[in-house]
Each structure stands twice: as C-alpha cells, then as structure tokens.
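Please read the following report alongside the sequence and the model. The text moves from strand pairing to helix packing and then to aromatic side chains.

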Amino acid sequence: MNKVPKNLFLLISIVLGIIILISFSSGNRKGKEIPFSQFMDIVESGQISEVVVKGRQINGRTANQDVFVSNLPKYYTELPRLLYKRGINFRFESDNSDNLFFAILSSWLPIILIIGVWVFFMKQMQGGNKIMGFGKSQHTKIDEDAKKYTFADVAGIDESKAELDEIVEFLKNPSKFEKLGGRIPTGVLLVGEPGTGKTLLAKAIAGEAQVAFFNISGSDFVEMFVGVGASRVRDLFAQARENAPGIVFIDEIDAVGRHRGAGLGGGNDEREQTLNQLLVEMDGFNGNEGVIVIAATNRPDVLDSALTRPGRFDRQVVVPKPDMNGRQKILAIHTKDLTLSDDVELKVIAQATPGFTGADLANLANESALIAARLNKSTIEMADFESARDKVMLGKERRSMVIPAEEKKTTAYHEAGHAIIASLLDEVDPIHKVTIIPRGRALGLTMLLPVEDKFSQKESQLRGMLVMMMGGRAAEEIVFNHFTTGASNDLERAASIANRMVCNWGMSKIFGPVHLAANQGEVFLGRDIMRKKSISRRSANTIDREVNKIVNDAYQKAMDLLRTNIASLHAVSQELIELETINGDDILATIEKNRVHDSTPV
C-alpha cells in the first residue's frame, strides 16, 4: 500500500476503535430501565445482589445476574438505610468519577476529526506527505529507467533539431565551445503551432543530453495561495543548480509568462509575481550557471518582452509544420510498428496530407490501423489510409442521414459547380474527389489535392480559388434560380481571402501596395484593448467596396464558366446523384466527353 491509502486506513481504524470503545463501555454500564417503584419491590423481595448509585442513577444486578437501571427520586434519602437493612452490597460513586475520559473525548473528538480530514486533503492537494509543502516545486525529474526518446524519434523538423543538437553537444563537451570564449545560451524558446513536436523535441533532448532534466508545466506554478508560484520557481532552480549541469523544461510557458500590466481589474496579479521571480532566476545577480531553460509555447505574441530578450531566452527555435518530405519521414516513424500492405506508398500519403502536423500524422496512422482492424484485415492497405485521411480532414460519413431527393439534387449541382471550375482553371489545385455523402456538418464536399507544398500564392491563384468557391452558388442560380444555405462556408472563406488580398497583401488596384490590416495575430485582451485603429472611416468604406468587387467578379466568372459548360454540369451532377462519390479522373473524363455539347453558351 502506498502512503496516502495507508494513512487514511489508519485514521479510519482509530476513529472506529474509539466509537466501538465508547459503545462497549456504555453498553456495559447500562441495562434494562425500570421504574423506581419496581426497584423498591425488588429490594423488598431480597432479589438484588449488588447496587451502584452514581449521582441520581441506580445501577443494579439481580440474583439472576440481570442488569437494570433506575432513577433515584430527588428528595428520597432513605435508600442507604434500606439497602443496609436488607444486607445488600451497595456503593455510592461520584457522577464524574469515570466520565472524565469520555467528557474530554466527546469535546475533542470533533476537532481531532476535522484536523485529520484537513491534513488528509492537504496531502492530496500537494501530491505528497509534506503538509506545508505549498512552495515546493511540482516538477518531474526524468529517471534513468524511464523510456528515453532520442533525436532519431524526431523527423520532419531537421533545422530545429540541429539548433537543439548544439545545446546537447555543449552539455556533453563544454570545453569545445569555451576554449573559443563562447557561452551556451541561457534559454531556448520553442515556438510552433499545436502538434508540431515541441514537447517531443524536449523529450529527445532529455534522452540525448544524459544530464539532470526537470520537466514542469507553466500552470504548475499558479496556485490559489499568494506567493506560492514565486516560491516554486525558487525551489525549482535551487534543485536544478544542485544537479548542474541540467535542463529545465517549462511546457506552455505562456500560462505564467504573459505581459505584465495586462490585468483589467487592477489589484495584485499572482502570475506577475511568479514571472518576476522567473526573470530573476534566469538572469539576475546570482546568475544561472550550468542550468539551461527550454520552454515551449504556441502563443509567443503574449509573452513579456523581458522574458524573451537575449540573456534569458537567447534563441527562439521555430518548430514549423513539416513539408512533404518531412511528412514522409514522420509517417515512416509512426508506421514502423504497423503491419502495412505492399500497396501502401508513404510518399503518396504525404502528398495527400498538406498542412498536417506530426500529431495529425500520428493520428492518421492510428486511425488507419483501427479501420483495418474493424474490417478484419490482416494488413493495413492504402484504402484504409485514404478512409482515415477523409475521416480526419472531413469527418465521419453520415450514411444513416436521410436526405430528401430535392436537397440531394441541389447538393449534387452545388458540388459539381465547384468540381467543374476546379478542373477548368489551371490556377486551382487538381480535383481529387467529390462526394455528396454527408460528413461532419457538411452535406457534400469537394476535395482538392495540391501537387506540391505551397509557401506563397500568386494573385492569379487566389482569384482562381475565389472563382472555384463561388462555383457552388453559381450552379444553384443557373439550374434552380434560387439560393440555399449550403454556400455559407464558401462565402465566409471567400470574404476572408478577398479581405486579406486588399488589407494584407496589397493586391488592390485602388490602394496599391499598402498594408491596411488593423491587428495582427490572435487577440490578447490585456494588450489589445487600448489599441487604436489606424484606418479612417473613408478607407474602411473603400475596403468594403473593393472586397465586394473582388468577390462579385469571381462570382460572375464562375457563372460564365458554368454556362459555357452547362452539359458537363448536368452530366457530373447526374453521376453524383447515382454514385454519390466521383474521383478527379472521372470528372475530367466527363468534361472531355461533353466538350462538344458545351460549345454553345447558355
């Protein structure tokens, strides 16, 4: 048994023992209660062997060893003489002679129980047996016997690995750098989107460095008691210095490292006191020799500038999303323990998963294994990866959903409009497949598959994407002469792209190469609430008109393309109604087959 259940068991045993003792003692002293008149009759009959008078309570025992209790009247004084006359053994005892223990126990037992329960819950809250351990650091020290990760378990982020590999090399061979007068960075800040591998990199450093490694989360410093966070920071760094050289890894440091002075309600902010102590420990008068701080966050914009300056976090290592080659290497790591079929091509899977992070790819590999197991397959096939990718990106199929025939037809024409325009425009990524099977919250989906990763886009590509997004609504107007709510997401995405073309990327003929975006990044209320917009009302109205013009031009071009290819629109829609899912090659074949009929615009 561990210590906490053992202590709880001991406390419960003591309380139960006391209760049983009291009950047993009380049970021995008491018997059947009888009236005083009946007691006098028993005395007169000579059937009593012993009487004990305690205060006004009479405890007696008959010749048959039966125990009884009676009450002595207040003004009756003849009882001693009567008992003596009858030759009965009797004695008088003080009312408090043996009740002292029970009186003390009854007074102090509730207090003892309250203190015991309080001590137990404090131990539970602190995760240990030190009652006053509030200020102790709640870190985890990596044991030598724990599972070790190395840089071989990290793929797709080679540049980030190289920068951290230098840290490990310094810890192993510091003289190599010190002989040239260099010094190791005090801290390294890992910055990247969720799932890119920041924590995995820290685990790999712990496995490679072979030094003391202290792991703690930013939220572990924050407690309900004032001053606890700063005390924990001091305790953490004191232990790290005792075990130097060592590494302190703080995950999600934005929980404690946010901008100071960002509180909206005034008063004392416990996080600020904790941050102040962290600043001192990293680069104060005492220095921080031999301890390297590595922190991870996906919100570097909210961190205090005093924390991110050189001398504290000397380096900011960006952990990006992997490119196609990186995704292939990550898939190789996550599928090395899976039983794959011969038709599985990791390069094709990597190409079909643009924008996926390492966590997404790990989830993809696991989902494909679950799908194959559900179908009782002996190996994981390429089709399983395809199904897993669609499930992760688009949501699970909702085949049980009953859709009226008219709505199904509208959805088919809507998705066909997207697909035909994507197939006709060279600026748009190739069409992969189209489905009218409901997935997630969507009634139908058109999936594009980029040939290669794109890190920037031309204006022509953005305008082509806008035309493709407008294709669904344009098809509804041409065929049915009415609109549905199915284009909601298309309009939202189109408006967002058009707005950024005007405000962020300088792709407006009216404004030219001018940056007009009011705010950058995610909103941080404590910092951004007092920011003033630098755009005049006249400019804002002009931006709105320009955004509307870009979207309306795209919509008009989509209408023209679909009217020109109306036969293909009808043909693809009919195939969707019959088959529910069509791949890109079949759509291109259908367009080519109907090209003769599309020669005359509608």
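The model is predicted, so local features are given only at pLDDT of at least 70 and side-chain atom pairs only at pLDDT 80 or more, while totals for chains, interfaces and linings use all residues. Residues are numbered from 1 along each chain as its sequence is written, and side-chain values use heavy atoms, with hydrogens and water left out.

**Strands**

Helices (H or I, at least four residues) and strands (E, at least two) are DSSP runs numbered from the N terminus, and two strands are taken to pair if DSSP finds at least two bridges between them. Strand β10, residues 291-297, is mostly covered, since seven of its seven residues are buried, where buried means under 20% relative accessible area, exposed over 50% and partly exposed in between, with a 1.4 Å probe and protein chains only. Val291, Val293, Ala295 and Thr297 point one way from β10, whereas Ile292, Ile294 and Ala296 point the other way. In a regular strand the side chains alternate between the two faces of the sheet. Strand β7 (residues 187-191) runs parallel to β10 and is joined to it by five bridges, with Val191 opposite Thr297. Strand β9 (residues 246-251) is also parallel to β10, through six bridges, and here Asp251 stands opposite Ala296.

An open sheet of three strands has the order β13-β12-β14 with antiparallel pairing. Its edge strands, β13 (445-448) and β14 (581-583), each pair on one side only. Strand β12 (residues 431-435) pairs with β14 over three bridges, and Lys433 stands opposite Asn583 in β14. Helix α21 (residues 584-593) packs on this sheet, touching β12 and β14, and its direction makes about 80° with that of β14; axes are lines fitted to C-alpha atoms, for helices over the stretch in contact, with angles from 0 to 180 degrees between N-to-C directions, and contact means heavy atoms within 4.5 Å.

**Helix α2**

In helix α2 (residues 36-45), Phe36, Phe39, Met40, Ile42 and Val43 are buried. These residues cover an arc of only 160° around the axis, which puts them on the same side of α2, the arc being that of the directions from the helix axis to the C-beta atoms. On the other side of α2, Ser37 and Asp41 are exposed. The buried residues pack against β2 (48-54), β3 (57-62), β4 (67-71) and α3 (79-86). Just after α2, Gly46 takes a positive phi of about 75°.

**Aromatic rings**

Rings of Phe, Tyr and Trp (its six-membered ring) pair if their centres lie within 6.5 Å, and planes under 30 degrees apart count as stacked, over 60 as edge-to-face and the rest as tilted. By this rule the count comes to two aromatic pairs.

| Pair | Centre distance | Plane angle | Class |
|---|---|---|---|
| Phe213 and Phe249 | 6.4 Å | 25° | stacked |
| Tyr413 and Phe480 | 5.5 Å | 90° | edge-to-face |

Phe213 lies in strand β8 (residues 212-217) and Phe249 in strand β9, so this pair ties together parts that are 36 residues apart in sequence. Phe213 is buried at a relative accessible area of 5%, and Phe249 is buried at 2%. Tyr413 in helix α15 (residues 405-424) and Phe480 in helix α16 (residues 459-480) link distant parts of the chain, 67 residues apart. Tyr413 is buried, with a relative accessible area of 7%, and Phe480 counts as buried at 16% relative accessibility.
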